[in-house]
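Dear colleague,

I am handing over the structure below, followed by notes on what was found in it.

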Amino acid sequence: MVKYEIRCSACKAISENLLDFTCPLCGKPLDVKLHFEFKDIDICKDSYSIWRYRRFFPYIEGKSIITLGEGWTPLVRLSENVQLKLENLNPTGSFKDRGSAVLVSALHRLVKEQKGYISEDSSGNAGASMAAYAARAGIRAKIYVPETVSGPKFNQTRWYGSEIVKVAGSRGRVAEEAQKPQLGKFYIGHILHPLFRDGIRSLAYEIAEQCDWKIPDYIFMPVSAGTLLLGVLAGFRHLADSDRIKLLPTMVACQTTQVSPLYHLFKNLNYTPPKTVTSIADALVSNDPPLLELMHKSLKEARGDVVMVEEKEIADAHRELARKGFFVEPSSAVAYAGYKKQLKEEQLAKDSSIVLILTGTGLKTTLTP
Ligand SMILES: Cc1ncc(COP(=O)(O)O)c(C=O)c1O
Ligand SMILES: [Zn+2]
């Protein structure tokens, strides 16, 4: 019995090649389907990283694991009913390390055997993360970034030793350049590659275990390309399909006014993206995300919600978190801003249990207080 399949989300064709980043037949996004149950006995309780759940990632052999100690991040109480999942404390400073660790662990041998290198496009955090894991695995990486990439993220990526290419124009142009075929290049862009998203499943398992299986009523997170949302949803779905939890938490996707395609689609509104994105939430830039249909469908099925926040609300939330001791990047504060907005609009019952995912560290921000 096969333990998993990688299937097209549209035509259902099966991909046999772990290096495929989209469906080989129709080009639509691929998805990992699991054919085994989540059982507590399979948790490796001596490991305090995502590899505690290594048996739930059957496409990775134990000997191939590439790790920098990612995952098992603290879940800290902010108030009686609100907890913060500190993904900013991952090795490169963001939740992306879960995806990079799983993706690079699954692929580095294939890339090495063919004497190739990996290619990735990113607005900053994912590129830095992928560069770090490529360095750890001893493979070369070429990271394509927008011209507007933040200085600290650019420097971090360079420190890991990968080649970095700045591309002028839209975020879509950066992806196009990264995907252009070149000798030895393996494009494994985190937005499309199904194994990156799949690595983020580990975040749902952790939240469940750290809450002692008393699943929170709501989980708020910032959403741009959708890898975080889809990864976390897949993890909770796996737990529910395995009868380990009764109900899914209500996922609330938080978007900025400037970059809000999911919000508009979800609420049946027309969306006109701005010519240039100037938001302080500079990691949330996917105006036309390739996973939009998948996000919409998955979030509707899971009875989730979307909230949109203004620049002032983000800035206030960012400052407020810092003044409570949590220094995250403005993009992460979007989740807190979204939570505060829903609370103010009385969308949440007063005693609901809430988890906010704080996705990235404040140490990469160039803003001054
Ligand atoms: C700090 C931070 N938060 C949230 C996100 C949004 O994640 P996704 O693009 O998977 O929706 C990103 C993506 O770049 C990010 O860097
Ligand atoms: Zn297909």
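At 1% relative accessibility, Cys8 counts as buried, because buried means under 20% relative accessible area, with exposed over 50% and partly exposed in between (1.4 Å probe, protein chains only). Cys11, at 38%, counts as partly exposed.

This is a predicted model, in which local features need pLDDT of at least 70 and side-chain atom pairs count only at pLDDT 80 or more, whereas totals for chains, interfaces and linings use all residues. Residues are numbered from 1 along each chain as its sequence is written, chains are lettered from A and ligands numbered from 1 in the order in which they are written, and side-chain values use heavy atoms, with hydrogens and water left out.

Both cysteines belong to the site of the zinc ion (ligand 2), which is coordinated at 2.3 to 2.4 Å by the SG atoms of Cys8, Cys11, Cys23 and Cys26; donors are N, O and S atoms within 2.8 Å of the metal (3.2 Å for Na, K and Ca), and since water is not among the atoms, sites may look incomplete. Along the chain, the donors follow the spacing C-x2-C-x11-C-x2-C.

As for ligand 1, an oxygen atom of this ligand lies 2.8 Å from a polar side-chain atom of Asn125, and a backbone N or O atom of Gly226 lies 2.8 Å from an oxygen atom of ligand 1, where a polar contact is a pair of N or O atoms within 3.5 Å; within protein, one must be able to donate a hydrogen and the other to accept it, and residues adjacent in sequence count only if both atoms are side-chain atoms. A polar backbone atom of Leu228 is 3.0 Å from an oxygen atom of ligand 1.

Best regards
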